[in-house]
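Colleague: I'm new to this one. Could you walk me through how to read its helices and contacts?

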Amino acid sequence: MSWYNKRLAKSIWVYHMSASPCNNCDIEILDLLTPKYDVERFGIKLVGSVRHADVILLSGVINQKVAPQVKKIYEQAAKPCFVVGVGTCPSSGCCFKDSYNTVGKREEVIPIDMYIPGCPPKPEAMIDGIVKLVGVLNG
Amino acid sequence: MNFELFFYLLVFPGFLFTAILGLTVGWVDRKVSARFQYRVGPPFLQNFNDFFKLLGKETIVVKDSVKSMFVIAPFVSFAMLALVSTIIGTSLFFNISFGGDLIVIMYLLMIFSVMVVIGGSSTGNVYSSIGFGREIKLLLADELAFILVLLVPIIKSGYQINLENILTAQVNGMFINSASGIIAFIIGLLCIQAKMTLPPFQIPEAETEIVEGPFMEYSGPLLAFWKLNHFMMYVIFPFLLVLLFWGGFSFNGIDILWSVLKYLLIVVLMIIIKNTNPRVRIDTALSFFWKYATPLTLIAIVLAVFGY
């Protein structure tokens, strides 16, 4: 199993899911994929279909409108699939936590494995987060 | 049922050799593309890691799909490509071929496209449907030009359909040195670009538009085999071009270097075309192949008949 985990750690395909964000984290995620940071050197690739994904980058506080879709998309992913919450919103709800339309328990909608705090987090912070996930996979 | 047959099919010119070389050349493709965009690019074993990772993931068979077709399509197309690579490889490396194997290659390569169509249409996904429709249109566009390109070496070798006879006809002079040969070679390169759905003709699986098209719903090992098919074509098509126009490979002393350079030159040409051209629309691709590529190849055929 550890052999497979090493293969998985070296080829992480990322699916970008925005669950009602303010778009700030999304822009930073797209920055991550530009030539300057070039995450392809770690084998990270952005894929368009969640069926191909190993990691779902979730940005945004999940509101009641998108919660069923978020749940559905997570169920469609081929396991093993990890969920990384990007930004302060998935971890604490940020300034939207008392809003009328956000879901109370995000853990019930989608099991988030790892959080990258920051509003928005820098691309370096995201790379650091992914590297930590790789470290967990490598044991 | 002799041992050699299985060795040819499974190990040397066939499956194992083509897969390993294809995945390695796939790395060359990704690395050169990365350097084009001022990036560093993936590590050497990246494609192998991708392949083995996909083998270990969960396979989801879509509920609304035609399940048998959905599962069979990647494996049948993989078998077709393994067969094609065996036919091309045995005639290149061992001088073994059978009568009319060029026609068999044409058919098997077409079956690959048909399998993409079947796999894409069986999922029931909207994007896959758009993708397989485009695949059919692209097949209509490039197939005629591709077959006409394959006719040029047949005519130049004195109407031989046998791959080995085409190779022996090039001992005195390679076909690429003639006017008809160079035209057919260039058109053949563009047809390959369309057959492999590489960027100028990446219409069926436009990642930014219809998320990988026919392969959108595939996951796990099935997707791994689709990816492997794509990388195996990086071996099959350049080998076919080398065989038909560039006099094959030779393995005497310094000639090994020339053989490797021939192959790498074709691959790098494909990567350069891939990286310097944006995706065209389906009508642009059709008009390109029907208005320009096919008449040019017809001219090449006429030139070949008159011996130029």
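Predicted model: local features only at pLDDT ≥ 70, side-chain atom pairs only at ≥ 80, totals over all residues.

Colleague: How many residues does helix 9 of chain B have, and how far does it reach from its first C-alpha to its last?

Modeller: Helix 9 of chain B runs over residues 221-245, which is 25 residues. Its end-to-end reach is 36 Å, close to the 36 Å expected at 1.5 Å a residue.

Colleague: Is helix 9 of chain B mostly covered or mostly exposed?

Modeller: Mostly covered, with 22 of its 25 residues buried. After the helix comes Gly247(B), and its phi is positive, near 70 degrees.

Colleague: Now for helix pairs. At what angle do helix 5 and helix 6 of chain B pack?

Modeller: Helix 5 (residues 101-122) and helix 6 (residues 126-156) of chain B pack at about 175 degrees, and their axes are 9 Å apart. Angles over 145 count as roughly antiparallel, so that's how helix 5 of chain B lies relative to helix 6 of chain B. Residues making the contact include Leu102(B), Met106(B) and Met110(B) from helix 5 of chain B, and Phe132(B), Ile136(B) and Leu139(B) from helix 6 of chain B. By type, the contact residues split into eleven nonpolar, six polar and two charged.

Colleague: Why would residues a few places apart share one face of a helix?

Modeller: An α-helix has 3.6 residues a turn, so residues three or four places apart point the same way.

Colleague: And between chains, how many residues of chain A are in contact with chain B?

Modeller: There are 16 from chain A, in contact with 26 of chain B. On the chain A side, they divide into seven charged, five polar and four nonpolar.

Terms used:
Residues numbered from 1 in each chain as written. Chains lettered and ligands numbered in written order. Helix = DSSP H or I, 4+ residues; strand = E, 2+ residues; numbered from the N terminus. Expected span 1.5 Å × (residues − 1). Buried ≥ 20, exposed ≤ 12 C-beta atoms within 10 Å, placed from the backbone. Axes fitted to C-alpha atoms, helices over the stretch in contact; angles between N-to-C directions. Parallel < 35°, antiparallel > 145°, perpendicular 65-115°, else oblique. Contact = placed C-beta atoms within 7 Å. Nonpolar A, V, L, I, M, F, W, Y, C, P; charged D, E, K, R; others polar.
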